[in-house]
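User: Could you walk me through some helix packing and ring contacts in this model?

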Amino acid sequence: MDLAFIPSPSTGVVHLGPIPLRGYAFCIIIGVFVGVWLGNKRWIQRGGRSGTVADIAVWAVPFGLVGGRLYHVITTYEPYFGKGGHPLNAFKVWEGGLGIWGAVALGAVGAWIGCRRRGIPLPAYMDALAPGLALGQAIGRWGNWFNQELYGRATDLPWALKISDDPSVGRIGGTYHPTFLYESLWCIGVALLVIWADKRFKLGHGRAFALYVASYCAGRAWIEYMRVDEAHHILGLRLNVWTALIGLVLSVVYIVISAKKVPGREEVVEPGAQDAVTDGAAADGKDTGASADASADTDAKAAESAGEKSPKEAGASKAADGDKESVANGAAKLTKDAGSGSRSGGSRSGEES
């Protein structure tokens with residue numbers, strides 16, 4: 001008897017009237033939004049404009065969805081083009097089946113188109129987006145939980161995933177390793193690792209993105225090895241294990257070679273972004289100076305209307321008052337001297353007679 005396990009949803013879709021709301025699609029959409037949000041914050045920190053990441057994502061996301069679906073259909077073609085397959089089911093993305101390898105590869109092509117149109121270096125853009133990609137994958141993996149797919153081998157661990165029986169799709173009920181949960185947690189760790197390494201070593205020229213690919217592939221290799229769903233094997237290993245190992249090696253080689261050829265980080269990631277910031281600051285300073293002048297003129301006019309005088313006018317008034325005082329003093333002195341003279345003349349006349 002299982003004492004503890006992770007339950008699976010009884011259904012992966014909820015109908016809002018005639019509109020089906022699918023858990024798988026919601027997880028993908030939320031993952032995209034979170035990835036773009038984090039990428040935008042990092043792009044601004046690198047010196048880019050706000051909104052640029054979203055503008056380029058308009059190209060990258062559709063390409064990524066098509067690439068992810070193509071990789072899944074090509075590597076698992078039997079349900080669509082094999083004996084008894086249904087080709088039209090290849091378009092039913094909501095039923096699951098997106099290969100991350102194809103999504104990243106073709107999504108990078110879309111990002112390249114968007115970056116080229118904006119004059120932005122693709123490696124710098126991918127570096128800013130790398131942790132957001134990992135975090136978006138962590139959220140998107142929960143879509144497999146809603147669809148009860150891509151689980152691992154049977155287990156009775158307390159965190160085992162409870163899978164319901166469904167003979168129509170060949171699903172046998174029981175408790176299995178929740179590989180979707182393992183990968184989701186691993187992707188969160190990858191995002192934190194890239195953020196830390198980027199701050200610590202100032203990764204540039206695509207090395208932050210390469211670190212994301214390398215660390216994700218390292219985890220995907222052992223998680224993929226645990227899965228029990230149908231897959232093609234090469235030399236006894238699942239195809240996705242080989243893909244992960246190749247991606248790991250290529251990413252490490254790129255980091256080493258790139259660090260030697262172009263060390264450091266790009267100083268400019270978006271042409272004109274810093275000029276726009278400088279022009280904005282200058283405009284703010286100009287507006288502030290104009291406001292100060294206007295305020296001074298307003299104060300002067302207010303002082304005049306209140307009967308006060310400007311410093312220049314006050315000085316002129318004080319000088320005029322001084323002149324008036326000097327004239328008054330001079331007049332008083334002349335009057336005094338005249339009086340004294342009269343009195344002296346009268347005294348001398350009386351003494352002579």
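Here are a few questions and answers on those two topics.

Analyst: This is a predicted model, in which local features need pLDDT of at least 70, side-chain atom pairs count only at pLDDT 80 or more, and totals for chains, interfaces and linings use all residues. Residues are numbered from 1 along each chain as its sequence is written, and side-chain values use heavy atoms, with hydrogens and water left out.

User: Are H2 and H4 roughly parallel or roughly antiparallel to each other?

Analyst: The axes of H2 (residues 52-75) and H4 (residues 100-118) come within 6 Å and cross at roughly 150°. Angles under 35 degrees count as roughly parallel and over 145 as roughly antiparallel, with 65 to 115 roughly perpendicular and the rest oblique. Therefore H2 and H4 are roughly antiparallel.

User: Which class does the aromatic pair of Trp 142 and Phe 180 belong to?

Analyst: Rings of Phe, Tyr and Trp (its six-membered ring) pair if their centres lie within 6.5 Å; planes under 30 degrees apart count as stacked, over 60 as edge-to-face and the rest as tilted. For Trp 142 and Phe 180, the centres are 4.9 Å apart and the planes 80° apart, so the pair is edge-to-face.

User: Is Phe 180 buried or exposed?

Analyst: Buried means under 20% relative accessible area, exposed over 50%, and partly exposed in between (1.4 Å probe, protein chains only). Phe 180 has 3% relative accessibility, so Phe 180 is buried.

Technical notes: Axes fitted to C-alpha atoms, helices over the stretch in contact; angles between N-to-C directions. Helix = DSSP H or I, 4+ residues; strand = E, 2+ residues; numbered from the N terminus.
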